[in-house]
Amino acid sequence: MKLSRQFTVFGSAIFCVVVFSLYLMLDHLQLDHTKNPGNGERLQNGQLLLLQDKIDRLERLLAENNEIIANIRDSVINLRESVKDGRGMPDSGNFSQGGSELLPSVPLVLPIDKGDCQFSARLYSKVADGVQMLDIYDLLSFDNPDGGVWKQGYDITYDESEWDNEPLQVFVVPHSHNDPGWIKTFDDYYRDQTQHILNNMVVKLHEDSRRKFIWSEISYFSKWWDNIDEQKRDAVRSLVSRGQLEIATGGWVMPDEASTHYFALIDQLLEGHQWLERNLGVKPKTGWAVDPFGHSSTQAYLLKQAGFSNMLIQRVHYSVKKHFSIQKTLEFFWRQNWDQDQSTDILCHMMPFYSYDVPHTCGPDPKICCQFDFKRLPGGRISCPWRVPPQPITDSNIQQRAVMLLDQYRKKSKLFRTKVVLAPLGDDFRYTEALEWDQQFHNYQRLFDYMNSHPELHVKAQFGTISDYFEAMRKAAGVDPSGASAVAPSLPILSGDFFTYADRDDHYWSGFFTSRPFYKRLDRMLESYLRAAEILYSLALAHIQKAGDKPSDFPAVENYKLLTAARRNLGLFQHHDAITGTGKDWVVVDYGTRLFHSILNVKRVIVDSAHWLVLGNKKAYNHDPSNPFLQMDDVQPAQDSLPRKTVLKVGAQPRPVVVHNPTDQIRVSAVTVYVNTPRVRVLTAQGQSVSAQISAVWEGTTQASTEAYQLTFFAQVPSLGLAVYQLVEGAELRTSEAKYVFLKQGGGLSVSGAEHFSVSIPQEPVSVSIENPHLQLWISPSTGLLERLKLKEDGSEHQVKVEFMWYGTTSSKDKSGAYLFLPDGEATRYSSSQPPVIRVTKGPVYSEVTTTFTHVTHTVRLYNIKGTDGQAVEIFNTVDIRGEINHEIAMRITSDLNSQDRFFTDLNGFQVQPRRTLARLPLQANFYPISTMMYLQDSSRRLTLLTAQSLGAASLKSGQMEVILDRRLNQDDNRGLGQGVLDNKLTANSFRLLLEKRLPAVENEKISPVSYPSLLSHTSEMYLNHPLIPMAMSLGSATMPLVPFSPLTSSVPCDIHIVNLRTIQSKEEGGGPSDQAALILHRKGFDCGFSNMNTGLLCTTTRGKVNLRKLFAELTVRGMTPVSLTLMHTPQSGQIQQEISLKPMEISTYRLQLS
């Protein structure tokens, strides 16, 4: 009875809060001129428009609150059940700090549908014939005995009668691996090599219909296509239709799979597939990845979702290859760790030997295989390192040569479960000259003719494409040729990934996870801006079409071309020698310049789209490219410089600032702009004042600017929408100055330029602590680094210690370089040559501690708000190791968590992969790539490090995690680059640190290959990687009323992420937009075993259901068709009426027509 009464009171209280919040919102809507008399005349102009907009928003908020009340009712029922289950009732809290004045009432406890917790709580059960990569590492000894001719393998034998009943089928697949940049730039490679390869391909394949060839990189293919005539294009189309030329994968590039984010992986695949659909009418079905340095299960999933049946991989740890060869598991169905209904299975072939070049693809003996690479015939520019050259095939030697080659094919086939063998025939930039086409095709055709005409050899050999091979292999294995998930018992199921890659000895390729980190950060910035630009552009276009009278000067076509170029430049950078940081210096500059120009261009698209969307009077729209209506608040001076904030001039007339929220939920987050005066008022669109903090802009460690001031305030912005704020010069009680304390051991500090601020320099030692409603941090007054953290929710204190570390490189012959990490032992603690200067900032919006060392400027910040942004510690590092020799700098975080040898890293920002630190492996083998997060956990807590750039990370001891921040290496590591890494920049990187209490874990968690972030962690990661985007009205722009823009009826469900809303190109000439867009959604898997108190989220979960027809506030979804990931395939079912349903972890694409 008592419990029932508590529930009634609890539910009634929440209901009252919701009703009261509605009352407050109504109150907010009244345009109260008395608060701001100087603003009255200007506000009056837009009064009706604002009022109309506010009424529309109020209607939507009413609907939203009805939904929240329903969710609260459900959550109260769930709470009642949870109490019955003995789990107790969560603490009640109060959402008040910081942004509460803006927010509609936020539920104290995030209402999560009980059914949404079943996915992450499922007990793990291993498939009967399953291969789990985590288990494989336990089995392997990782020794490296000499295997004879196959150095990393073993001696292969066979009985000649094995093929008497079923002849060996051999598919020789000619290919040319074209890196879109590596030793030369993309354009230089195209000019010198690639265009000649493709020109010769058209001629040479037409000479003999038995010849085959595969091509992968559409970045090159499209450039070539633009430069050939219609006759040659028709010839290419006929080669494709006859099956002589196959496009394998068909992405813009063959992407890296370690450092890439799944947004960009999808985007480059989509760009390639859309190009193929428009120009060739081709739908690739087989993946081909011979050169990425390790392989991610995320890429397997994306190919499956794009409609692929098969895929091939090559660079896998040599010990894994040997084990798989012995077990005959080199061909398998690759299944996602989290998949329990076999819907993600894709057939995968792992190449067994060292490389994808000809010496390592015909069989186990490279000395023999090299003799069948006919480009190396005597007199050519390259020869065989084993000093036995190839011989032209003649009548006198054909028998001996055919038997010698067949012996290799037979030995290779002994590693697989079918009598079908794949022999790729190619290498980097092969088939440039007509002579090589003749040498390879004539000599091999003679060998095939001989083999096929001698039945006693029991072989059928031919040229084939990669899909020809898979078709024959599936038939031989008894696997459904359609690629459906009816798995033959003859092939195993594999789950997991293939990091970290080693190609020989202790040469682990964990260095490239961090190499050139400046550009890894630039890549992530372009991704965020491009996604924002795509979505705002699509919404602006749809709203313009809805309005009917399309403005003649809206730059729809020009901006679409800018988007297309940005997609392609981002796509190019996903290449496995670009984002990896493994190109020549001048190639890196070329990539950086492309990223830099595209950031500038997509910013133009954002401000042009926002301009139209926030204008109260659309008829007043005027596009002036020389004087944009809005301007971004930062400028990047060059491709290798960090962005700088522009200083906004604020005067007596209100200066509007439009703020875009690129995330999926209504959000309250801090916005920082630089202004020219410390006397600033921040007002909402309705003229109400907002709490703000004025801080100094530090030009040096202790030197403040006297011309610029940092203004920070909490902005509330609708999902994917635009909010409008106003900055006015003048005194304001709600704008407070930050207070500063400076510390340095040994003293000798003087601070200049900070006359407007309270600054103290204590002579005696003081304790350093900052706090917000959720956390309190203690910082060492001597090192300036974090030592302890307190969770205020339960008052618990935890050791969380930050340090910086140095790694050197080994003294042996092979040293660290762009690819390899070969340290000289464990890291040594970083110590600065001078005592660090510590600056403590305290204010109403944020507090932070900035510590300046010789090589690093390190900041920890707490936002003074209840909600997502207040629950994490924000960490910024600016790293400069340009004066170092063979040094790598790492940030290490040591906690008191008992994580033992287990930790977790994300794969491409899409999923989390459990890891184990293996003491029997060298230190560098235990580093893994992180794109967005890593975490440690024990039975009661989880510590997560969220990252805004891809880096290499490890947990070398229990409770410890570290990330490599930058590397400077003076030598090449003998992997073909021919240089060290000496082009370091002043590099900024950003992180968030999140400590969460866990509910008791499931019993077999330690052996489970799956793990999921919490909803809070997912949201915090989104906020870190997609910050709010402020845009100020240009000073020269005419004053006109601006209205906030709310594109969605409400926040999307908490676990649904809008990956993209990408306008599809028109089929007409000119490269402009069509009236259709691709909506890509991802339902994130999350762990319910964490507190959902005070997340600040105004959303719920809905078991994956989304009503697309009701998703957009003022737009009608006219057509809505589910399609494969990259729009290549449309299922039989056709259009859907209203509601879609996504499974946990699922990524799905829909073709929409909005109006």
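**A look at the salt bridges**

Let's begin with E848 and R861, whose side chains form a salt bridge with N and O 2.8 Å apart. E848 belongs to strand β31 (residues 846–852) and R861 to strand β32 (residues 856–863), 13 residues apart. Both E848 and R861 are buried. Please keep in mind that this is a predicted model.

Elsewhere, salt bridges with shared partners connect D373, K375, R376, R430 and E436 into one network.

Next comes the pair K997 and D794, a salt bridge at 3.5 Å from N to O. K997 is in strand β42 (residues 987–997), while D794 is in the loop between β27 (786–791) and β28 (796–807), so this contact ties together parts that are 203 residues apart in sequence. K997 counts as partly exposed because its relative accessibility is 33%, and D794 is partly exposed too, with a relative accessible area of 38%.

R210 and D449 also form a salt bridge, their closest N and O atoms lying 3.6 Å apart. Here the loop between α6 (186–206) and β3 (213–215) supplies R210, and helix α14 (residues 434–452) supplies D449, so the pair ties together parts that are 239 residues apart in sequence. R210 is partly exposed at 43% relative accessibility, and D449 is partly exposed at 38%.

In general, side chains of opposite charge can pair when their charged atoms come close.

Terms used. Residues numbered from 1 in each chain as written. Predicted model: local features only at pLDDT ≥ 70, side-chain atom pairs only at ≥ 80, totals over all residues. Heavy atoms only, no water. Salt bridge = Lys/Arg side-chain N within 4 Å of Asp/Glu carboxyl O. Helix = DSSP H or I, 4+ residues; strand = E, 2+ residues; numbered from the N terminus. Buried < 20%, exposed > 50% of the residue type's maximum accessible area, 1.4 Å probe, protein only.
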